[in-house]
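Me: I would like to learn how to read a structure one feature at a time. Could you start from the general idea and then turn to the case shown here?

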Amino acid sequence: MAAPAAGHLQTVGRALAVLRSFTHENPTRGVSELARELGLDKSQTQRVLATLAAQGFTVLDPVTRRYSLGPALVVLGHLAEHSEGVRHRLEPHLAALSTATGESTVVCVPDGARYRTVAAVDGPGMVRYNTALGRTYPGHLGATGHAIFAFSTVLDAREILVAAGAEDPPAAEVATLQTRHEQVRSLGYAVSTGEFDERVMAISAPILLEGAVFGSVTTLGPPQYMADRSTELIDAVRHAASDIGATLRS
């Protein structure tokens, strides 16, 4: 690890470096691999992980002896999502996207097997789609949900459908949702028309932080105003997702 900047605590820096090492590709970590990756000795790494585990920030699997992120981070994440600071950091990006697209824009985050609106800006036109802050939607419907759950490491397609009320979802429905998620991961965005509301077309891109999905940013409105501009709108939404990710990481 690099030397700490003046006024920074090295022990805190080590703990944060350990937490940031968990990614979509590496959801569990062992002591030896982390020590090598971060340039620490094994005893330092073990102490950091044990301290984090004692406070609920990591969890040790007693069989594999590997650590994963703990429930304390979920609590802090929900607090951050609800905070005025996060919403105020998102709204300028949504306003810029709304101006560029001429449509309403939202940022949503996962909430169990659903997704929840945490920031929104109404479109400038006379015909526009409005969404309420805090409202939740089923995760298997709409581009917004597909852009989030395609990158989820917590829920698979079947679990999302079960949570939506399908006690034993048909294999064909599970396969269809799995294929949709694979397409989103390949393309880097999702498009839907009429999945949740027949009057609405949505274009959404995931907001990724250190390889993990934070949520998605979406522009949405009447299909008759969006379909012919889909390529332009996709580019604008993907650019907004990248900018939001950079803002949240700063």
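The turns below take up helices, strands and salt bridges in this predicted model.

Me: Let me begin with helix 3. How many residues does helix 3 have, and what span does it reach from its first C-alpha to its last?

Reply: Helix 3, residues 42-54, has 13 residues and reaches 18 Å, close to the 18 Å expected at 1.5 Å a residue.

Me: Which residues of helix 3 are buried?

Reply: The general idea comes first. An α-helix has 3.6 residues a turn, so residues three or four places apart point the same way. In helix 3, the buried residues are Gln44, Thr45, Val48, Leu49 and Leu52. Looking down the axis of helix 3, these buried residues fall within an arc of 125°, so they line one face of the helix. The face turned away from that buried side carries Arg47 and Ala54, which are exposed.

Me: Now a strand. Which residues of strand 7 are on its covered face, and which on its uncovered face?

Reply: In a regular strand the side chains alternate between the two faces of the sheet. Strand 7, residues 190-193, has Ala190 and Ser192 on the covered face and Val191 and Thr193 on the uncovered one. Strand 7 runs antiparallel to strand 8, to which 4 bridges join it. Ser192 has Ala202 in strand 8 as its bridge partner.

Me: What joins strand 8 to strand 9?

Reply: Strand 8 (residues 201-209) and strand 9 run antiparallel and are joined by 9 bridges. Ile203 stands opposite Thr219 in strand 9. The two strands form a hairpin with 2 residues between them, and Glu210 in the turn has a positive phi of about 55°. Strand 9 also runs antiparallel to strand 4 (residues 104-111), with 5 bridges between them. There, Val107 stands opposite Val217.

Me: What order do the strands take in the open sheet of 3 strands?

Reply: The order is 1-3-2, with antiparallel pairing. Strand 1 (28-29) and strand 2 (58-60) are the edge strands, each pairing on one side only. Strand 2 is joined to strand 3 (residues 67-69) by 3 bridges, and Val59 stands opposite Ser68.

Me: Let us finish with charged pairs. How many salt bridges does the structure hold?

Reply: Side chains of opposite charge can pair when their charged atoms come close. The structure holds 9 salt bridges. One of them joins Arg229 and Glu103 at 3.2 Å, N to O. That pair links distant parts of the chain, 126 residues apart: Arg229 lies in the loop between helix 9 (223-226) and helix 10 (230-249), and Glu103 in the loop between helix 5 (84-101) and strand 4. Arg229 is partly exposed at 23% relative accessibility, whereas Glu103 is buried at 4%.

Me: Are Arg199 and Asp197 buried or exposed?

Reply: Arg199 is exposed, with a relative accessible area of 62%, while Asp197 is buried, with 14%. The two form a salt bridge whose closest N and O atoms are 2.7 Å apart. Elsewhere, salt bridges that share partners join Arg29, Glu33, Glu37 and Arg66 into one network.

Notes
Residues are numbered from 1 along each chain as its sequence is written. This is a predicted model: local features need pLDDT of at least 70, side-chain atom pairs count only at pLDDT 80 or more; totals for chains, interfaces and linings use all residues. Side-chain values use heavy atoms; hydrogens and water are left out. Two strands pair if DSSP finds at least two bridges between them. Buried means under 20% relative accessible area, exposed over 50%, partly exposed in between (1.4 Å probe, protein chains only). The expected span of a helix is 1.5 Å times one less than its number of residues. The arc is that of the directions from the helix axis to the C-beta atoms. A salt bridge is a side-chain nitrogen of Lys or Arg within 4 Å of a carboxyl oxygen of Asp or Glu.
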